[in-house]
Amino acid sequence: MADSRGRATSARRPARARAAQQFWQLSDGQLAKLLDLAAQVDRLELKLTVPPHAHEAAWDALDLTFPRTPTHRVYYLDTPDRALHRRGMILRVRRSSSGADDSVVKLRPVVPRGLPAQLRQRRDFVVEVDGMPGGYVCSGALKSRLDARVAKRAVNGRRSLRALFTEPQLRLVRTRLKGGPDVDDLRVLGPVRAYRRTLGIAGHDRPLLAERWVFPDESEILELSTRCAPDAALRAAASTATVLGDHGIDLGGRQQTKTRATLDYFTGQRRTT
């Protein structure tokens, strides 16, 4: 059956689209916009924040254990009033237990077709859609490896914060933040202890990444995610929703990015409910 304007009703939608909607939880129009955006990016990442009260049940359902030592210690750089975040820029540093430290300059949100060609064509610049139940956002990220000694000294205030970034990264910051704060004037927010575990789950054709982020007060975030190619958005969402549902994991909890939660915590704007 179609409505007065000839559009197919939800009952006539392809089965895969209906299954994918269990994950996306978007209107038909929003889903169509997401799929159009997905065709312009390098990859998608599907994410689910598990509500705190459901963490233990999710651990049990997925037979989930994490290493005793954090996989990463995560820091963000911003001003106390989050001037960078308000202007669509994220600066993040990860110190790894394996010594493979890295930094990223991320623009979020971005319109892929509106990015400068010189930036879009860089092999180390990745344009990605982060999607979670009820919403999605497109970002562009320029990432680089870091010397572990340099990273340690910089986040501890014994070296310039500029040392955390390459010249192309710093140039991207200057371009986006014209008239804004200098990198060396930013505040280091962190660390958050990040524990990671990659899961292979029967019935799911791609790895599922579980991340447990622990804040200094021992509160934590549990996020489940998986990546896919742009043309696999519906298939990946349908599979993810089915697998998580089969394990009793609720897709209807309040969603929040790890970045937003961390900035809220370290700038004193964290929600208490």
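In which loop does Gln-25 lie? Gln-25 lies in the loop between H1 and helix H2 (28–38), where helices (H or I, at least four residues) and strands (E, at least two) are DSSP runs, numbered from the N terminus. The model is predicted, so local features need pLDDT of at least 70 and side-chain atom pairs count only at pLDDT 80 or more, while totals for chains, interfaces and linings use all residues. Residues are numbered from 1 along each chain as its sequence is written, and side-chain values use heavy atoms, with hydrogens and water left out.

**View 1. Two residues with positive phi, Gln-25 and Asp-63.** Most residues other than glycine have a negative phi, and most peptide bonds are trans. Phi of Gln-25 is near 55 degrees, and this residue counts as partly exposed at 38% relative accessibility (buried means under 20% relative accessible area, exposed over 50%, partly exposed in between, with a 1.4 Å probe and protein chains only). Asp-63, in the loop between helix H3 (55–61) and E2, has a phi near 50 degrees and counts as exposed at 62%.

**View 2. Two cis peptide bonds, Arg-108 to Pro-109 and Gly-190 to Pro-191.** The bond that joins Arg-108 and Pro-109 has an omega of about 5 degrees, and Pro-109 is placed in the loop between E4 and helix H5 (117–120). For the bond between Gly-190 and Pro-191, omega is about 10 degrees, and Pro-191 belongs to strand E7.

**View 3. The largest pocket, with about 700 Å³ of space.** On a 1 Å grid over the protein atoms alone, a pocket is an open set of points with protein on both sides within 12 Å along at least five of seven lines, a cavity is a set where a 1.4 Å probe fits but cannot get out, and lining residues have an atom within 4 Å of a point. Grid points are joined across faces, edges and corners, and a volume is the space filled by probe spheres set on the points. Of the 34 residues that line this pocket, Arg-43, Glu-45, Arg-92, Arg-94 and Arg-227 are the closest to its centre. The lining has 12 nonpolar, 6 polar and 16 charged residues (Ala, Val, Leu, Ile, Met, Phe, Trp, Tyr, Cys and Pro count as nonpolar, Asp, Glu, Lys and Arg as charged, and the others, Gly among them, as polar).

**View 4. The largest cavity, with about 30 Å³ of space.** Among the residues that line the largest cavity are Tyr-76, His-85, Met-89 and Leu-263, and E2 and E3 each supply at least two residues of the lining. By class, this lining divides into 6 nonpolar, 1 polar and 1 charged.

**View 5. Arg-82, a buried arginine in a loop.** Arg-82 lies between strand E2 (72–78) and helix H4 (83–86), and its relative accessible area of 7% is why Arg-82 counts as buried. Leaving aside its neighbours within four places in sequence, Arg-82 is in contact (heavy atoms within 4.5 Å) with Arg-260, Leu-263, Asp-264, Thr-267 and Gln-269.

**View 6. The buried residues of helix H6 (residues 148–155).** Val-150, Ala-151, Ala-154 and Val-155 are the buried residues of H6. They cover an arc of only 115 degrees around the axis, which puts them on the same side of H6; the arc is that of the directions from the helix axis to the C-beta atoms. What covers these residues includes E2, strand E3 (89–96), strand E4 (101–107), strand E6 (135–146) and strand E7 (187–199).
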